[in-house]
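The following note comments on selected features of the structure, point by point. Please read it with the model open.

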Amino acid sequence: MKRRSLLGLAPITLYLGALTLVPLLSTLWLSLAGPGGLTLEYYREIVGRYQFGEAVGNTLGITALGLSLELVLGLAAALALAGTRRGRAAAQICLLIPLGVPTIVAAAVMRSVFSTVGYLNEILLRLGLIRLPVDWVGERALAIATVALADAWKVTPLMLLILLAGLEAIPGELYEAARTDGASRWRQFRAVTLPLLKPALTMALIVRGVDAFRIFALPLALVGRDLPVLSTYAYLEYIEYGSPHTSAASSVILLLMILLAVGSYLRLAGPEEVLR
Amino acid sequence: MRPGLRGAILTVLVGLAAPDPAAQAATLILTMRLADAEWQVIRQDVLPPFEQECGCRVRAIDVPPESLTQRLKAMRAAGRMEIDLFAQDNMRLQELVDAGLVQTLSPAEAKMDPAILPALAAEGVLDGRRYFLPFRPNVQITYFNAKKFDADGLAPPRTWDALLAVGRTFKAKEGIGRVLFQGVGGAPTVTQLYEWIASAGGDPFDFADPGTVATFRFLHTLAPLLSPDSRRAKWDTTNDALAQESAYIAQNWPFGVRLLHDYGKTGIRTYSGWAGPAREAHVIGGDVLGIPVGAPHKDLALRLIGYLQSRAVQEVLAARLGWPTIRANATGAVAAWLKPSVEAVQEAMRHGIFRKNVPYWAGYERIASEAVERILWRAQGVSEVLPPLAARLDALRRGGR
Amino acid sequence: MRALRLAFLALAIAWAVGPLYLLVKVSLAPTGEVMTAHPTLLPHGLTLAHWRRLFAAGQVSAPLVKSLLTASLVSLAALALAAPAAYTLARLPARWRYAVLLGLFACRMLPEVSLALPIAVVFLRWGLLDTIPGLALSHLTLVLPVAAWVLTTSFLTIPHEIEEAAALDGCSAWQTLWRVTLRLALPGLVVAGLLAWLFSWEEFVLATYLTLGSKTMPLQVYYYLYQGNWFLTAACAVLMTGPVFILTGLLQRHLRAVDLAGSFR
């Protein structure tokens, strides 16, 4: 009986094994297989290139900044929505719209917003906040911030959904009890909301964090070569420079970064967060 | 006779009598890199008459010059060459030949109309064998925003110093650079750089050459006067920068003229450009046609080559897109708004130079792009950036990677 | 406090919806409104010229068809593969269930670029490069974990008693499955199918690696973007976003039926 009931898992396991595990091992092999046997030569080669170090820094910067933005904005929006009664459904739908926008469309939109003759500069010029158009994707730090913001536009609604669900799971009595104890709103937030939101926050962070490291379309379309991130670096290595080995090495490094990040977060947050 | 048998015999007879479906349904795959405005003309005006004449379909795909080698290699490795004909930038030819990806053409196959300019015909011969046939030459001209120039009483610069003066005037007046340099890296940047180094009398492949160093120093001086969009500017986006007036002067291929005309930007005019310290030099780029090894429809591909080189087609390309032609006798009925740029192109061609075809062009592009990026965008000193890159370039020339 | 909240919400809504409005505006704007140093924020004129050009060139019909077919294929295949797995998972003890789901999600953690390269090489050899089935196969790998999760949650909500009651009423195992279980799990199936469809429709990285000549819609948008043609980019992007909202709107009631928040209790 047990054997038959596990049969349903067979197709999916076989499929994922064939199309995930095998390519992954293949990439690993490609990154290590030199003309004379296993070698770290390809890793040495790309780590030495000046743009690779930047790609790593850019990836980390965009991920960190993006996640922070998404968390803060998502939480603020969730709190604001939770406290609204009239028109809440309409507001919620409006706020969720960017989630449905395909990534490349978001990139196209953000291009026209952040261009030097784009809409953001136009608004700021009209408001008198700037005198000359700002090159949002020129200097590295500003470009990282712009890409993080553009990514946050599309992804914050997801955080919003998760955090909203988490907020609504908190029983109202806890707030009542805190209020009768004389706790201020801020105190209530810190003592009741935040701790009970932790599982939702963790889930949101992990789900988004992993995706953030893999960011590809947005930096490619918004900035291009000037702001390499690990995925686009690996891609360009293959398609333009025709070196599959270094491309594979870059993607393995990206994978290791993701594993490291997830692993250390789980270690810090406590393994009990894994339950779902 | 039994009805089934009769039916079968009829079917076989009809099948034998009908023209070979394989030849009728042949689809020729052609790859090129073109701007959107150019694709429109190719797809709507140039290809359909050929399709009717040969009874086949031509599927034209946009493939950037830097990925063509990789794609052909991948197809060959898989044992399925799908591309029948490609038009490739005349700078990325040696690597294709060295990788054994292109078919040699016999004298009969390579027979060309004598009206085709000999200099262009010679481009397709590498290592003593004929691989490619000319399709279209191309040369960059200089676009400038006449309204802005007139408002400040400026004339289009004819020397580097004049260019600096123009740049400084705009920067002082508006607080932001208005000269555009195609700084995205890769082919657009290196093409422009090659031209500038040649006009300074330098050797583009030697970063220790005094002319080359002088060019980079000039770029360093020009950097603060450049429009911020230069960082990402390439052939397509340069036209946008001109149209949106984030740059007032820029070099680009002539296809932009038609685009700007479509946008109604009549205030933007063209001329052949400026001279460097040594001379006026303009790189002759453009595409040549080649047939990959293992192409499924070689005969049709050869026919298509002949068609694309024909007087009728070259005149259409000249008239609709302002493309310079490979023929001496195809002037075509050029529209009035296109005439000034055609003259600019002809003037630029008179100072035309061909880039040296080297097998390490891809590696060269990388090194040169890095030099431009560090000197222009990261404000690093010329004497700091060039020597190590010169060493790398030397190693490349001697056969490294 | 209240005023602050409302102001924040208003700003947030403007930020969320504004850029999309700009996209639609650009697709309908006369060139002069955009090809200028100071683009207008409100429309001063409307034109269908860009939309006409998008369709006239004939370049967008092939990507549209390819994306539609690929997404539909992925959606159906995801259901076919994930449903049996979810059914099995729902009947496993909780520990095993979480372990398997975690394993599935670990697959999703891998960067696409690390999978795409070998897949592209192999597909080229098998003649699957540039084809719809090939692309669908690769999309499935990233879609299956989410589909399995949604369906597992959905199957979990169907109490055993209902199935036992059906069996007592004389239904065979197959009939129970068809008439009872799947019908009750319909909202979950719709959500999983929709998520799979949407993912495949907008997928960009794998499509970049696995196509040569026949683009998908995201690649077509990127192509116009790369070429610097703002208007065609905008029109193509709007065309691409349309089906997303239409589908989501049509299937909205099913979305609400799936209680995603249940996983936190």
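1. The model is predicted. Its largest nonpolar core holds 272 residues, and those touching the most other members are Ala108(A), Ala78(C), Ala82(C), Leu144(C) and Val221(C).

2. Apart from neighbours within four places in sequence, its contacts in chain A are Ile104(A), Val105(A) and Ala108(A). In chain C, Val221(C) is in contact with Thr233(C), Cys236(C), Ala237(C) and Met240(C).

3. How many residues does each chain bring to the contact between chains A and C? Chain A supplies 67 residues and chain C supplies 63 residues. On the side of chain A that touches chain C, the most is given by helix H2 (residues 10-32) of chain A, with 11 residues. By residue class, this side of chain A consists of 48 nonpolar, 14 polar and five charged residues.

4. Chain B may be considered by domain. The domain assignment places 7-138 + 285-353 in domain 1 and 141-283 + 355-397 in domain 2 of chain B. The centres of these two domains, taken over C-alpha atoms, are separated by 30 Å.

5. Domain 1 and domain 2 of chain B each contribute 29 residues to their contact. On the domain 1 side, at least two residues each come from helix H3 (36-54), helix H4 (65-77), helix H5 (94-98), helix H15 (339-350) and strand S12 (352-353) of chain B. H15(B) gives the most to this side, with six residues. The domain 1 side divides into 15 nonpolar, seven polar and seven charged residues.

How values were computed: Residues numbered from 1 in each chain as written. Chains lettered and ligands numbered in written order. Predicted model: local features only at pLDDT ≥ 70, side-chain atom pairs only at ≥ 80, totals over all residues. Core = buried A, V, L, I, M, F, W, Y, C linked by C-beta atoms within 7 Å. Buried ≥ 20, exposed ≤ 12 C-beta atoms within 10 Å, placed from the backbone. Contact = placed C-beta atoms within 7 Å. Helix = DSSP H or I, 4+ residues; strand = E, 2+ residues; numbered from the N terminus. Nonpolar A, V, L, I, M, F, W, Y, C, P; charged D, E, K, R; others polar. Domains from an automatic or database assignment.
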